[in-house]
Amino acid sequence: MFKEFDYEKLPVVDIVNEMITDAAKRRASDIHFDPTPTILKVRIRVDGELTDYAEVPESLKNPLITRIKIISGMNITESRLPQDGAIKNIMEDSDLDLRVSTLPIVYGEKVVIRILDYSMSANGLEALGFSAINFEKVKKLIEIPSGILLITGATGTGKSTTVYSMLQSLNTAERNIITVEDPVEMKLSGINQVQTMSEIGLTFANALRSILRQDPDIIMIGEIRDDETARIAVRASITGHLVLSTLHTNNSLNTIERLLDMDVERYLLGSALAGVISQRLVKKLCPKCRSSRKATDYEKNVFKIVLGMEISDIYTPVGCDECYKGYKGRIAIQEVLMIDQSIRDAITNNIRKDELRKLVYAENSTITLLQDGLTKVIEGLTSFEEILKVIDIEDDLGQDDESIKNALMGKIDESFSNNNNIEIL
C-alpha cells in the first residue's frame with residue numbers, strides 16, 4: 001500500500017495529481033494529509049480503514065498544501081481558519097469529484113480530500129445490497145404518494161448513495177422533483193437541485209418554504225439538522241408530498257425518538273412518517289480468496305439466538321493480489337421499517353418505549369441490522385468480525401437480560417429455538 005515518490009525530481013503539481021489519481025484507483029474514499037514536526041504524513045482510507053500511503057519531506061509540506069488549496073479554490077493566504085473547497089477535473093480520463101477540507105492544527109494545516117464515488121448510485125437500488133424482503137419494502141416505500149421517508153446512520157454509511165439511487169428511480173417526466181442540499185454532491189439531469197448558502201440566509205428551512213410554492217411532487221432534503229427543518233419537512237409530507245431525507249440515528253426506534261426530541265408534534269409524526277431505512281457499511285469479503293472456517297461456540301450461540309439457525313462454518317478473509325487483507329469493497333447492512341397503523345397509533349398516543357419496541361421489531365417483522373448482517377455473513381458477503389465492529393451484539397440483544405447473557409455463554413434453552421421469541425433492542 002505504501003508508495004514512494006521521487007520528491008527531488010517531480011514537480012509538486014505532478015505529485016499532487018498522482019496522489020489523487022492513484023488513491024482513486026485504489027478505491028480510496030479519503031486522502032488525509034497530516035502535518036507532523038518533521039514530515040507530512042499521507043494516509044488513505046480504503047473500505048473504511050485508514051492506512052499509511054506516503055511521507056512527504058518537510059521541505060515540500062507547505063508547497064504541497066498550497067497546491068491543494070489553489071486547485072480547490074481556497075484562500076492560500078489564510079492558514080488560521082478552517083476552509084472548504086472542491087476539485088472537479090478530468091485526470092487520466094477519470095472524472096473525479098473531490099471535496100476538500102482544511103483544519104489548522106499545532107503543526108500546520110491538516111487537509112482531507114474526500115473522493116466522491118457515484119457509481120453505486122448510478123447502478124440503481126438493485127446494487128445496494130438489500131435483501132429480497134427489504135428490497136420489496138423499499139420499492140413500496142418510494143411509490144407512496146405522500147409521507148416522509150428517512151435514511152439514517154452515522155457519517156460515511158452510504159446514506160447519500162441510497163438517497164440518490166431512490167431519486168434516480170423516481171426521476172420521470174411526470175414528476176417535479178426538487179432537492180435542497182449542502183453541498184449538492186451529485187448533479188442529476190431532470191431534477192431541480194438547490195444549494196444552500198447560509199451566509200446569505202438560504203438555509204434548509206428557508207429553502208423548504210420556497211420549494212413548497214414550486215408545485216413539487218417529491219422533495220429531497222440533504223439532511224435534517226435542526227428542529228425547524230424537521231418540523232417543516234414533516235408538515236410538507238402531510239400536504240401531499242413525498243419527502244426523502246437523512247438523519248444521524250442508529251436504528252428505526254431511535255429515529256422516532258430523535259424526531260420527537262426535535263419538537264415534532266406526535267400527531268403530525270404519527271401521520272407523516274412512512275418508513276425508516278437504517279444502514280451501516282461493512283467490508284466485503286473478497287470472493288476470490290475467502291475461505292471457510294469452523295464457527296466458535298460464541299458465534300454459534302449468536303446465530304442461534306438471532307436467526308434461530310444452527311451454524312457450523314462461516315467465511316473468513318484470507319488475502320490475495322486482488323484485495324486488501326481479504327476484503328474488496330464494502331456492502332451495506334440495512335434495517336427497513338414500514339410504518340403501519342399500529343405504530344402510527346403508538347406514536348400519537350405516547351405509548352411506552354418498550355411497547356413501541358415490540359411493535360417495531362416483533363409484530364411488524366422488521367429485519368434488524370444485526371439479523372441482516374448475520375444473514376450476509378452466512379452468504380459469505382462479509383465476516384463475523386466486521387459485524388462486531390459496527391454492532392454491539394450484547395447491547396443490541398439486551399444487556400440487562402440474564403437469559404440472553406446465559407445464552408451467549410452457551411446455556412441456550414428451548415425458548416431460543418424460535419427466533420420470533422427474541423426481542424431485539
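Val-180 is buried, with a relative accessible area of 0% (buried means under 20%, exposed over 50% and partly exposed in between, with a 1.4 Å probe and protein chains only). Val-180 sits in strand β8, residues 177-181 (strands are DSSP runs of E with at least two residues, helices are runs of H or I with at least four, and both are numbered from the N terminus). Setting aside neighbours within four places in sequence, Val-180 is in contact with Val-194, Thr-196, Phe-204, Ala-207, Leu-208, Ile-211, Met-220, Ile-221 and Gly-222 (contact means heavy atoms within 4.5 Å). Phe-5, on the other hand, is 42 Å from Val-180, C-alpha to C-alpha, and 175 residues away in sequence.

A word on what is being looked at: this is a predicted model, in which local features need pLDDT of at least 70 and side-chain atom pairs count only at pLDDT 80 or more, while totals for chains, interfaces and linings use all residues. Residues are numbered from 1 along each chain as its sequence is written, and side-chain values use heavy atoms, with hydrogens and water left out. The protein averages a pLDDT of 87, and 91% of the residues score at least 70 (pLDDT is the predictor's confidence in each residue, from 0 to 100). Residues 411-425 are another story: pLDDT stays under 50 there, and the model has 35 contacts beyond four places in sequence for this stretch. Where pLDDT is low, the predicted coordinates should not be read in detail.

Now for the inside. In soluble globular proteins, nonpolar side chains tend to be buried together. Here, the largest nonpolar core has 38 residues, and Ile-148, Ile-221, Ile-224, Leu-273 and Ile-343 are those with the most contacts inside it (a nonpolar core is a set of buried Ala, Val, Leu, Ile, Met, Phe, Trp, Tyr and Cys residues joined through side-chain atoms within 4.5 Å). Beyond four places in sequence, Ile-148 touches residues including Ile-224, Ala-233, Val-243 and Leu-273. A second, separate core has 30 residues, among them Ala-23, Ala-28, Ile-31 and Ile-87.

Thr-255 is also buried, at a relative accessible area of 0%. Its place is in helix α8, residues 252-261. Not counting residues up to four places away in sequence, Thr-255 touches Leu-150, Thr-152, Leu-247, Thr-249 and Val-276.

Next come the charges. Side chains of opposite charge can pair when their charged atoms come close. The structure holds 29 salt bridges (a salt bridge is a side-chain nitrogen of Lys or Arg within 4 Å of a carboxyl oxygen of Asp or Glu). One of them joins Asp-34 and Arg-43, whose closest N and O atoms are 2.8 Å apart. Asp-34 counts as buried at 11% relative accessibility, whereas Arg-43 counts as partly exposed at 24%.

Lys-283 and Glu-386 form another salt bridge, with 3.9 Å between the closest N and O atoms. Lys-283 lies in strand β12 (residues 273-285) and Glu-386 in helix α14 (residues 384-390), so this pair ties together parts that are 103 residues apart in sequence. Both Lys-283 and Glu-386 are buried. Lys-288 and Glu-322 pair up as well, their closest N and O atoms being 3.3 Å apart. Lys-288 is in the loop between β12 and β13 (291-294) and Glu-322 in the loop between β14 (313-316) and β15 (327-338), so the pair ties together parts that are 34 residues apart in sequence. Glu-322 is partly exposed, with a relative accessible area of 42%.

Salt bridges also link up: Glu-49, Lys-283, Lys-325, Glu-386 and Lys-389 are joined in a network of them. Lys-325 belongs to the loop between β14 and β15 and is exposed, at a relative accessible area of 52%. The backbone of Lys-325 has a phi near 60°, a positive value in a residue other than glycine.

Asp-263 likewise has a positive phi, near 65°, and is not a glycine. Asp-263 is found in the loop between α8 and α9 (266-272) and is partly exposed, with a relative accessible area of 48%. Elsewhere in the backbone, a cis peptide bond with omega of about -5° joins Asp-182 and Pro-183. Pro-183 is in the loop between β8 and β9 (192-195).
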